[in-house]
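Please keep the sequence and the model side by side while reading the paragraphs that follow.

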Amino acid sequence: MLARKMNKRKLIDKFFRYIFLSFIGIALLVLAVLLYDVFSAGIKMLDWDFFTRFDSRFPEKAGIKAGLFGTLYVIALMIPFTLIVGISTALYLEEYSPKNKLTNFIRLNIANLAGIPSIIYGMLGLGILVRTLALGRSVLGGSLTLSLLVLPVVIVSAQEAIKSVPASLRNASYAMGANHWQTVSKVVIPTSLPSIMTGFILAISRAIGETAPLIMMGALTFVMFTPEHIMDSFTVMPIQIFNWTSLPKKEFELVAAAGSSVLLIVLFILNGLATFIRYHYSSKY
Amino acid sequence: MKLKRLTVVIMVLVMVVFSVSSLAVDLEGTVKIDGSSTVYPITQAMAEEFSYENPRVRVTVGVSGTGGGFEKFTIGETDISDASRPIKDSEAAIAAENGIEFTKFVVAYDGITVVVNPENDWASNLTVDELKKIWEPNSSVETWSDVRPEWPDEEIALYGPGSDSGTFDYFTEAIVGESGHSRADYTASEDDNVLVQGIAGNKYALGYFGYAYYIENKDLLNSVAVDWVLPASMTIENGKYSPLARKIFIYVNNDVVKRLEVEAFLRFYFEKAQEIVPSTGYVALSSYEKQLDKVDELK
């Protein structure tokens, strides 16, 4: 009797194990098909010249240099801004703000902002950053637009990370005579940093692939130079890829696939770096 | 002694020649262009070729659509605007408000092409009236037999550009009679390749887009004669392919032509147009002298 019950429970256990496994399998399969599709078509165009050439109306001469540099510049400018503003906001909301209705209202709104379509941020960028603040259609304007786009996600995930720091760690810090700032800087931030980085990695990955807000704020499609300073005009890889897919010549589909491959490679490298940093820090605690 | 003097003279001469030639080559500056996706392939080709000859001039080309391009052009944010239709009065009024004077240049001809699936063996010709009946707002046409009774009683799948497109504006004006008036229940995309794929995959499809896209996809689609005239370089240029042959333009801010790099770019544009325009799938004007004269007047 008992053994039969036991067997049944084990069976249920197995059942769920394989259900979950099969779902992971589906996810991985889709990813594999996508990667195969992109890289098998892209590899035909992908050589060193593809990285060193600018765009061209001839598919065999087209390169991604302008987009690659544009994307790297935009992301490089975006990272410090997003990290500083995102973590500071989360720290204030979790550690310092008074617990009242206004704070709750602000929290609710930040969570809501995370769900707003990206094109709206493009309009915000065009109206406020490009025109009112006169940043123009510059690398700086583009990276700030993308920063605004991903900040809600970064803030919310940082808040969760800070909340999950065990009270025992905090109390231990206070018990040692540390003040609030010392506790925050020496205990809370280092402990929550790995989780903050996770949210941050997702945010950067999203920003790299965004096209709509940048087209809206007026990033360009065809440029034959790389940005030289932060007020320079620019293009990014997704815009170039999008444009290639819409051109009449069918050979540009291969060029677009090659561009997508480069975009994916850059994404993997950046994610790898961020993951490395995360492990590096998490090993301390 | 004499030899030395001769060397000096030669060196000075060489230096003079070098400095003069570098003066001529060393154009600098920026030319900002935005606007129609229809004109983009031509302007991009010009920007590319011009950049090879003048590497220090930065020519930038955006693709905001004709309307989006004019929005920037009329407040002075761009130097040149690509346009697949003439500027609207409302847009010109904004330019006037901002003190911007401009000149229109004709770049090429485009023939909006009505296309069907290659398996479609009945519709080789459509009249303007039939097209109007199909595309007008609240159209009653649901099946091919609604167009002509002898045609198949199968649902007609319609494809066309979205309302931001100058091609849409032009087609609706030429066919329906009023710009922007169209039935709304069709598959709309700003990406012409989406339209090509859709029509190539459906035997009962009908759609329209620019001639350049048809030329690149000839093997996937059939063009339909409009009032018994097929679109081709000849019929588009001589006006026989009416009313769907149109001119496409660039608009230039008069003030910026005084900048050497803009003047040089415009000259380059119309000197090379004869050679480059056909390679982009459009039909070149028989002569670009008039456009070059306009550049002379503005400088």
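Two strands are said to pair if DSSP finds at least two bridges between them, and helices (H or I, at least four residues) and strands (E, at least two) are DSSP runs, numbered from the N terminus. This is a predicted model, in which local features need pLDDT of at least 70 and side-chain atom pairs count only at pLDDT 80 or more, whereas totals for chains, interfaces and linings use all residues. Residues are numbered from 1 along each chain as its sequence is written, while chains are lettered from A and ligands numbered from 1 in the order in which they are written.

E7(B), helix H7 of chain B (residues 166-176) and E8(B) together make a right-handed β-α-β unit; right-handed here means that, with the strands pointing away from the viewer, the path from the first strand over the helix to the second runs clockwise. E7(B) is also joined by 3 bridges to strand E9 of chain B, residues 205-209, again in a parallel arrangement, and here B:Ala157 has B:Ala205 as its bridge partner.

E9(B) in turn pairs with strand E5 of chain B, residues 113-116, in the antiparallel sense over 4 bridges, with B:Thr113 opposite B:Phe209. These pairings belong to an open sheet of 5 strands in chain B, ordered E8-E7-E9-E5-E10, whose pairing is mixed. Its edge strands are E8 and E10 (222-223) of chain B, each of which pairs on one side only.

Chain B holds another open sheet of 5 strands with mixed pairing, in the order E2-E1-E3-E12-E4. At its edges lie E2 (57-61) and E4 (102-111) of chain B, each pairing on one side only. Inside this sheet, strand E1 (residues 29-35) and strand E3 (residues 80-83) of chain B run parallel and are joined by 3 bridges, B:Ile33 standing opposite B:Ile80.

The model also brings two chains together, with 16 residues of chain A in contact with 18 residues of chain B, where contact requires that the C-beta atoms of two residues, placed from the backbone, lie within 7 Å. The side of chain A that touches chain B has 6 nonpolar, 7 polar and 3 charged residues, counting Ala, Val, Leu, Ile, Met, Phe, Trp, Tyr, Cys and Pro as nonpolar, Asp, Glu, Lys and Arg as charged, and the others, Gly among them, as polar.
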